[in-house]
Amino acid sequence: MPRPIRASISLRALAHNLERARECAGSAKVWAVVKADAYGHGLRRAAGALAGADGYALLDFEQAIMLRLAGVQKPILLLEGFFSAQDLALVCEQRLTPVVHSTAQIEMLAKTPLAAPVDVYLKVNSGMNRLGFTLDNVRLGWNALEANPQVRTVTLMTHFADADGASGVEAQLARFEEIVAPYAGAPRSLANSAALLRFPETRADWVRPGIMLYGCSPFADRSAIELELEPAMTLKTEIIAQQRLTPRERVGYGFSYQAAGEMTVGVAACGYADGYPRHAPSGTPILVDGVRTRTVGRVSMDMICVDLSRIPGAGIGSQVTLWGQGLSADEVAASAGTLSYELLCALAPRVPVLEVA
Ligand SMILES: *Cc1c(COP(=O)(O)O)cnc(C)c1O
């Protein structure tokens, strides 16, 4: 018998969440962000379920080529662009749309002969200070692209650092407008999931939702349910052993959890080697037979202990939901001091994946 852990991916949930993104996007076109193997959901499977998008955004050439080999004809946005002249040949051959964020890339584009002109996204640094051109050097970038006969179209883009947080988008939006003011005719792309959901003024021509497509909330103060998103990934396992503890007995590595009174502990077949966060403390929510309970003790490599005291009838063979349907990955992530993004991306290759409608 294989270990009982498995992740199921709901294709219907992915399609539903894309529909939600479209509702928010108005007339803007939608890049479905499928980087990091579609946030751990599997690129080909997710791209299929998200076929209603206008294009796909990701980072790796391998993943872009995988989509082309799967028959995808739509535009593919390379979020970090290209790194070498060989990359540029692939950009051309595979009809990819690279982000251009540095003068090195602009120079490479100017001196590498291409078989056909390319569409590019010119990245503007509006305050996140990670990638892109600032007010000081954007003109150089823009002029070089405009003067380059190998460049067909230029879309202006930026990325928000805190669309989900207290700062919002106001300052970056103003900065972006200031930087791109001279290039009024060019199309624009700004919004990630948080901006798309909270700031309609950021929609522009193309939006770039990621996390919301997978049914998680980008916000600490609004749940996925409130946002009408459905979890696409559900991670499940079973209870494989059970222990009866007397008062003051301890559980797991480091003896970090001590039973206050008599209690029943179940051992679930899922650990950090499956992608469950090792830092999830005792008390992290978890479902057993659909009933909400809590983890106890440290997460180990292959196992995690759960409190079964208040779940009559639970025991070996009981169904355990780590996250997904019935328990948002956002909640588990918050308990572990991280984000659902990290949980989804960390799903380990050893976990079998099932597609469900
Ligand atoms: C990852 C990413 C997105 C999507 O962000 P979410 O918060 O997942 O919606 C959008 N734009 C860029 C440039 C990204 O890197």
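**Ligand and chain**

Start at Y39: one of the polar atoms in its side chain sits 2.5 Å from an oxygen atom of the ligand. S193 also places a polar side-chain atom 2.5 Å from a ligand oxygen. R208 has a side-chain N or O atom 2.9 Å from a nitrogen atom of the ligand. The ligand has 390 Å² of accessible area on its own, and the protein covers 93% of that (Shrake-Rupley method, 1.4 Å probe).

A word on the source: this is a predicted model, where local features need pLDDT of at least 70 and side-chain atom pairs pLDDT 80 or more, while totals for chains, interfaces and linings use all residues. Residues are numbered from 1 along each chain as its sequence is written, and side-chain values use heavy atoms, leaving out hydrogens and water.

Next, the protein chain. It has 11 helices and 18 strands, taken as DSSP runs (H or I, at least four residues, for helices; E, at least two, for strands). Its C-alpha atoms fill a box of roughly 75 × 40 × 35 Å along the principal axes.

How many of the 357 residues count as buried? The figure is 53%, with buried meaning under 20% relative accessible area (1.4 Å probe, protein chains only). The chain exposes about 15800 Å², and carbon and sulfur atoms supply 53% of that area.

Terms used:
Polar contact = N/O pair within 3.5 Å; in protein donor to acceptor, adjacent residues only side chain to side chain. Buried < 20%, exposed > 50% of the residue type's maximum accessible area, 1.4 Å probe, protein only.
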